[in-house]
Structure formats: structure tokens, C-alpha cells
Amino acid sequence: MYTDKVMDHFRNPRNMGEIPNADGVGTVGNPVCGDLMTMYIKVKDDRIEDVKFKTYGCGAAIATSSMTTELAKGKTLDEAMKITRASVAESLGGLPKVKMHCSNLAADALHAAIENYREKTKK
Amino acid sequence: MNSQKTRRICMDYSAGKPVDPRIVDEMLTYMKSSFGNPSSLHTLGQEAKKALENSREHVAKLVNAEEPETIIFTSGATESNNLAIKGVANRNKNQGTKILTSTVEHMSVVNPCKLMTRKGFQVVFLPVDNFGILDLEKLETELDDNTTLVSIVYANGEIGTIQPIKEISKIVHKKKAYLHVDATAACGQIPIDVQDKSIDLLTISSNDMYGPRGSGALYLKKGTKIESVIQGGGQERGLRSGTENIAGIVGFAKAAEIAGNEMPHESERMTKLRDDLIKGLIDPIPNAYLNGHPTQRLPDNASVRYSFIEGESILLSLDIMGVYASSGSACAAKTLQPSHVLLALGLQPEEAHGSLMLTLGRDSTKKDVDKLKSIMPGIVKRLRDMSPLTPKELKS
């Protein structure tokens with residue numbers, strides 16, 4: 001059902017955990033639907049210096065979270081805003097059709113974290 | 001995470017069972033040499049006819065049916081449930097148009113019932129308690145002179161809860177309604193006596209007792225008014241046309257015979273394993289709960305749930321370690337809805353998402369159970385460490 005890449009990220013999730021005193025935090029999803037994820041970012045010179053995630057959900061939810069952190073790390077905030085659900089799925093070698101909408105939320109969580117950072121630092 | 005593949009452990013026997021090797025040779029005989037059509041008058045046909053009637057006796061015996069002719073062979077439990085519901089409702093619609101069933105039925109009962117509502121029938125899905133036991137008071141109040149059929153599962157395969165069939169039967173027969181019981185998961189595991197329990201129709205599955213797939217039966221008490229769903233050459237007393245699947249029927253009957261003989265010993269062995277497994281899945285892990293009834297439950301069924309984590313990721317974690325299980329989580333389902341059976345117990349969707357269903361089989365051993373007991377706490381902990389829902393005190 002899942003690609004080897006998805007299973008690799010499920011087995012060995014990258015950047016799992018929290019960032020204490022994160023510069024931006026974004027949470028999307030709903031436990032009622034079976035998926036909830038939180039992204040934490042640390043920003044330096046408009047770049048994502050560090051990013052971590054916490055995810056409740058299925059294999060796709062965990063793998064997309066992990067992949068999103070990999071794609072986001074080191075990018076400028078504008079570049080990171082261009083990471084989409086589709087590009088995350090593509091980087092994982094594809095996702096089952098039913099998982100494309102319900103579990104593929106990690107890019108949204110990343111965007112929410114960036115918006116949260118921008119909101120906080122708005123002068 | 002340890003990804004070393006060791007012995008493959010199936011803990012999902014309710015999804016599918018291997019065919020008992022003791023019955024395969026006999027089945028092959030009816031595919032290769034005794035391949036006749038029971039409707040033929042010649043010797044080859046009569047050999048098949050003899051095998052068919054002999055098989056009917058074995059299946060009848062397993063459920064203590066009054067005579068072999070009460071057994072109608074079908075293509076499996078789904079067809080039996082369809083025949084029971086549509087056949088009884090349509091045939092008796094001059095007597096009434098109300099059908100009662102429960103909220104913990106298999107989809108092969110739920111969907112035919114839903115179809116009947118679109119054909120002018122009234123269907124009531126009766127509630128169950130937190131253990132999955134039917135609300136008998138509600139049954140009594142909903143049962144009226146317009147009710148022709150009550151369809152209740154003997155024991156639900158997802159949660160294992162066994163219904164009080166005798167009490168249900170007593171209530172149903174206060175009126176003129178027929179009682180259909182879906183015994184797919186129960187038959188072959190626990191003793192079933194259709195006469196003692198006054199069951200009018202009973203669904204029986206072959207694969208669920210280690211017979212071949214594509215084979216099953218509907219027990220039909222003598223005198224039950226029913227019409228066919230499939231019409232054709234009039235086989236099975238006109239109730240199930242189509243040339244009989246003799247190899248499948250012979251295998252089914254042999255499986256029924258074996259199940260009947262081995263049941264006392266096997267159900268005791270399995271119940272012990274089950275209780276050990278449930279204990280190991282719950283006791284060492286905080287916020288872990290049993291689904292279904294603690295004692296009124298099928299010997300093979302260990303259904304549990306874990307807070308703060310999701311079932312599909314539990315299944316994947318187990319699969320990586322060579323253990324095959326099942327879940328009622330939406331994420332593990334085609335429908336993206338959590339199991340209707342778990343929701344019927346009063347669980348919130350987020351509770352149902354954390355469910356893990358393990359079903360034991362004849363090949364299950366203490367070693368398998370011990371393996372589960374040893375790996376489960378680690379799997380739950382890993383996923384909880386990842387989950388934003390887990391309270392702080394459960395981490396580390």
C-alpha cells in the first residue's frame with residue numbers, strides 16, 4: 001500500500017519532537033478525524049534553522065510530517081511556503097489516493113507555523 | 001526500530017483462515033474425478049448428489065438442526081445474510097414491513113437492511129450497551145405486529161461480544177417475527193444449538209471454520225416462509241439456484257465435522273491464550289482498554305484500544321515486526337470512517353481510532369502471544385512519544 005520511502009520515514013522519522021521556545025508553532029488536523037500534527041520552527045535570518053514535528057495519525061500522516069521537515073530545513077520562509085501537499089507526496093514517491101487529502105496535512109502545519117512566526121514578529 | 005523479520009505471526013484470523021490441510025484431498029476428489037452435477041441421473045451425478053447430501057448432514061449436525069434439509073448451501077456468509085433478510089422481508093411483506101437489527105452487525109446485514117428501507121420497509125437499528133450486548137428492553141418495545149424479521153449477530157467478529165441469543169429469541173417469539181442469527185464468527189468456535197435457542201434462520205460460514213472460501217449455508221427452520229434471491233434451475237429447494245459447488249461444500253462439511261469434534265478442547269485452549277494476550281496488551285500499558293465484553297466473548301478475540309495513538313500506525317509497526325493485525329480506525333478503512341461497531345459501544349471517534357483487533361487461530365501458540373506481549377509496550381510508547389496528544393506524564 002505504501003512506498004518504501006513512506007515506510008522508511010515511518011520507521012525512522014526525521015526531526016521528531018518539540019522545540020522548546022520555538023519561534024513559530026502550527027497545528028492542523030483533528031483527533032476526531034484521526035490526524036493531528038504540530039510543527040515547531042526555529043528561525044534565523046529569515047531561514048528555517050530547525051524544525052520538528054509531533055504527529056498523531058496513520059502511517060501517511062507520520063511519513064509526510066517527517067518528509068516536510070526534511071524539505072523545510074534550511075529553506076528561507078518564502079521558499080518553505082512553497083512546499084505543498086503535492087510536493088511532499090511526490091518526494092515520498094506518492095501516497096495512496098485516500099490518504100492524499102486526510103493525512104497529507106504536514107505542509108499546512110508548516111505554513112501555519114511560519115504564519116505564526118510572522119504574526120509574532122510583525123512590527 | 002527493530003525491523004528484523006522473524007517468524008510471521010498472523011493475529012488476524014477473523015479476516016481469513018487457511019483451509020485445514022485435512023480437507024484438501026477430499027475436495028480435490030470432487031474437482032478431479034467425482035466432478036458430476038448432482039442434478040444428473042447417471043452414476044457420476046449421483047456420486048456428487050450423495051456427497052452433497054452427506055455434507056448437508058454434517059453441517060446440520062454442527063448446529064443441531066432438526067433435519068439436514070434445513071441447510072441451504074450458499075456462496076458464503078454474505079449471501080446467506082442477503083438471502084435471510086431480503087428473502088424473509090419480501091416473502092412476508094403482506095404480514096408486515098418492519099425489520100429489527102442491531103448497531104453491531106456485519107456490513108452484509110447492514111447494507112441489505114439499508115436497501116430494504118429504500119424499498120418501503122422500516123428498519124430499526126437497536127442499540128447495544130458499552131460491552132456490545134443488545135438492549136433487550138429496546139428490542140421488546142420496538143417489536144410489534146408489523147415486525148416480520150429480527151436479525152441479530154450471534155457474536156460480532158470485531159469485538160467478540162456474544163449476544164444472549166436465547167433471551168432474544170424468547171422476546172422475538174412473543175410476536176410472529178422470525179429470528180435470523182448471523183453466526184459467521186461464532187459457528188465452529190462455540191457450541192450453537194438452533195433448536196435449543198429457537199433460531200429460525202442461521203448464517204454459517206465455511207472459511208470461518210477453516211473450510212474453503214466461497215462456501216457457506218443458511219439454516220432455515222422447517223416452515224419458515226422465505227423467497228429466493230437468485231433464481232434459476234431450482235437447486236437447494238429452489239432457494240439457491242446454480243449448480244452446487246460440490247468441492248466447496250464437501251470441504252465446508254468436513255471443516256464443520258472437525259470443528260465440532262475439536263471445539264471443546266480448542267475453545268478452552270484459545271480462551272486461555274486470549275485472556276493471556278488481553279492481559280499482556282493492557283496491564284503493562286497505561287490508558288489501554290478492552291473493547292467488548294470481558295467474559296461473554298469469542299475465544300479468538302482480543303480487541304483493545306490505546307489512547308493518544310492511531311490504529312493504522314500500530315498495524316504498520318506490527319507488520320514491520322512480522323505480526324499481522326487489524327484495526328477499526330478510519331485510517332485503516334476504505335470508508336475513512338471509524339468502525340460502526342466501535343462507535344456503537346459509545347466510543348468517541350478518537351477512541352475508536354486507537355483500536356487494535358487481534359484474532360487468534362488454530363496455529364496460534366503461546367510463543368506468538370508472548371511475542372505480542374513483549375513488543376506491544378514499545379510500539380505504543382514510540383507512537384505516543386510522537387503524538388501531540390499524549391499527556392506529559394506518559395512520556396519518557
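A: To count elements here, a helix is a DSSP run of H or I with at least four residues, a strand is a run of E with at least two, and numbering starts from the N terminus. By that count, chain B has eleven helices and twelve strands. Its radius of gyration is 22 Å, close to the 21 Å that the globule rule gives for 396 residues, so chain B is as compact as a globular protein of that length. If you box up its C-alpha atoms along the principal axes, you get roughly 75 × 50 × 35 Å. Keep in mind that this is a predicted model. For chain B the mean pLDDT is 95, with 97% of its residues at 70 or more, and the model as a whole scores ipTM 0.95 and pTM 0.95.

Of the 396 residues in chain B, 50% are buried. Among its contacts with a separation of 6 or more, 71% join residues 24 or more positions apart.

Where they meet, domain 1 of chain B puts in 23 residues and domain 2 of chain B puts in 22. On the domain 1 side of that contact, β10 (301-306) and α9 (340-344) of chain B each supply at least two residues. The largest share on that side, three residues, comes from α9(B).

Next, the inside. In soluble globular proteins, nonpolar side chains tend to be buried together. The largest nonpolar core has 83 residues, and the members touching the most others are Val59(B), Val63(B), Tyr154(B), Ala186(B), Leu201(B), Leu202(B) and Tyr219(B). Helix α7 (residues 246-282) of chain B gives the most to this core, with ten residues. For a close-up, pick Leu201(B): apart from its neighbours within four places in sequence, its contacts are Ala84(B), Val88(B), Tyr178(B), His180(B), Leu218(B), Tyr219(B), Leu220(B) and Thr224(B). There is also a second, separate core of 68 residues, which includes Leu318(B) and Leu360(B) along with Met39(A) and Leu105(A).

That brings in the partner. Between the chains, 20 residues of chain B are in contact with 19 residues of chain A. On the chain A side, α1 (4-11), β2 (35-44), β3 (47-56) and α2 (59-72) each supply at least two residues. The largest share of that side, three residues, is from β3(A). The chain A side has eleven nonpolar, six polar and two charged residues.

As for chain A itself, its secondary structure comes to six helices and three strands, running α-β-β-β-α-α-α-α-α from the N terminus. With a radius of gyration of 13 Å, close to the 14 Å from the globule rule for 123 residues, chain A is likewise as compact as a globular protein of that length. Its C-alpha trace spans about 45 × 30 × 20 Å along the principal axes, and 48% of its 123 residues count as buried.

Definitions and conventions. Residues numbered from 1 in each chain as written. Chains lettered and ligands numbered in written order. Predicted model: local features only at pLDDT ≥ 70, side-chain atom pairs only at ≥ 80, totals over all residues. Contact = placed C-beta atoms within 7 Å. Nonpolar A, V, L, I, M, F, W, Y, C, P; charged D, E, K, R; others polar. Rg over C-alpha atoms; globule rule 2.2 N^0.38 Å. Buried ≥ 20, exposed ≤ 12 C-beta atoms within 10 Å, placed from the backbone. Core = buried A, V, L, I, M, F, W, Y, C linked by C-beta atoms within 7 Å. pLDDT = per-residue confidence, 0-100.
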